[in-house]
Amino acid sequence: MMRVAHALLALCTVVAGCTTTRSPAPVDDRRPPVQAKAPAAKPAPARAGIYTVKRGDTLYSIALEHGIDYRDLARWNGIDDPSRIRIGQGLRVSAPEDKPAPGVQVGSVHPSGEVEARPLGAPPGAPSAAAPAVAGLKTSPTALRLPYSEQNLAALSKAEPAKPAAPAGTAPPPAALPAAPAAAERAADALDFVWPAKGRVVAGFAEPRSKGVDIAGNAGDPVVAAAAGRVIYVGQGIPGLGKFIVVRHDNGFNTVYAHNRENLVKMDQTIARGQKIAEMGSTDTDSPKLHFQIRKFGTPLDPLKYLPSGVP
C-alpha cells in the first residue's frame, strides 16, 4: 500500500513539472543601432569649358576634338608633359576669362564745375574758354589780333570764306551708307578648299566611325594644303592616324592630313593653298592613302560638301 502511495506522489510531481510555465531569459542587445543609409551622391554636373579625360584620350586627341592648339591646352592646364594625363581628370578646353585688374572701376565720369576747352597742341598757359558742364560743350568764337604786315595781309586775303548756313527747314543730307562687308566677314563656309591629293575616294564620311574621307594613291604622292593657313601640329600622337598634320584656317576651320609617309612642314609654319606639305603613305593603316578631315571649331564635317565637285 505504501508503494502505491509513493508511486502516485511521484506521478503527481512529474505532471506538475510538465505544466509549469517557463519565462524566457532576458536578452541584452548590445549591437550598435542601425543608421539609415545616406542617399548616394549624384555625380557633379560637367562644368562649362571643362572636359573629363576618358580612356584612350591623349592631349593631342582632346585638342583636335575641340579645335584648339595642343600647346594652348597644355598651358591652360599647367601640363609640362603631354603624356601625363589621367582618366577622370578635368581639363580646361577654353581660354581662361580675362578678369579686370583689382581696384579698377568701370563707369561714367561726371565732370564737376567748368570744362576748360583748349585748341589741340596749345600749351597749358594758352588762353582758354570756359563752358558749363551741361547738355553740350559750347565755346565762344575768339578773334586773333595779328600785327600788320604784307605776309599777314596776303594770308587773310587767301582765307576761304565761311560757308553759308543752311536755311531753316532744310533737311540734313542723308547719312553715308555702311561699307560692304569685307571678305573675312562673309559666311564662315566661304573658304575655297582644293583637293588635298589626287586619287579615288575609297571611304566616305560616316560619324562617329569615320570623321573624314580616305583618298587612295601611291606611296610618295604629293599631299597639298586644302587652304591657306598655319600649321598647329606635326607628328604622331593619336592612334589610327599615323603621321599627321593639322592646319588652322580662317573662320574656325582646321584640316587634318593623316597616314603620311613624310611630313614636310614645321610647327607654326604659314602655308599657301595647294602647297605640298607631305608625302602620301601608309603609317598606321594597311595601304597608301590620305585620310583627310575638315573640322569647324573641332566638329568634324563632311569634306565632300566643301571640296570641288568631281574626282580630283
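Author: Strand S7 and strand S13 (residues 276–280) run antiparallel and are joined by three bridges. Strands here are DSSP runs of E with at least two residues, helices are runs of H or I with at least four, and both are numbered from the N terminus; two strands pair if DSSP finds at least two bridges between them. Within this pairing, proline 222 has glutamate 279 of S13 as its bridge partner.

The model is predicted, so local features require pLDDT of at least 70 and side-chain atom pairs pLDDT 80 or more, while totals for chains, interfaces and linings use all residues. Residues are numbered from 1 along each chain as its sequence is written, and side-chain values use heavy atoms, without hydrogens and water.

The open sheet has three strands in the order S7-S13-S11, with antiparallel pairing. S7 (222–224) and S11 (260–263) are the edge strands, each pairing on one side only. On average, neighbouring strands of the sheet are turned by 35° against each other, direction ignored, with axes fitted to C-alpha atoms.

A cavity is a set of points on a 1 Å grid where a 1.4 Å probe fits but cannot get out, and lining residues have an atom within 4 Å of a point. The largest cavity has a volume of about 90 Å³, taken as the space filled by probe spheres set on the points. Its lining includes Tyr60, Asp69, Phe244 and Asn254. Helix H2 (59–65), strand S8 (229–235) and strand S9 (244–248) each give two or more residues to that lining, and H2 gives the most, with three.

Key:
1 Å grid on protein atoms, 1.4 Å probe; cavity = no way out; pocket = protein on both sides within 12 Å on 5 of 7 lines; lining within 4 Å. Axes fitted to C-alpha atoms, helices over the stretch in contact; angles between N-to-C directions.
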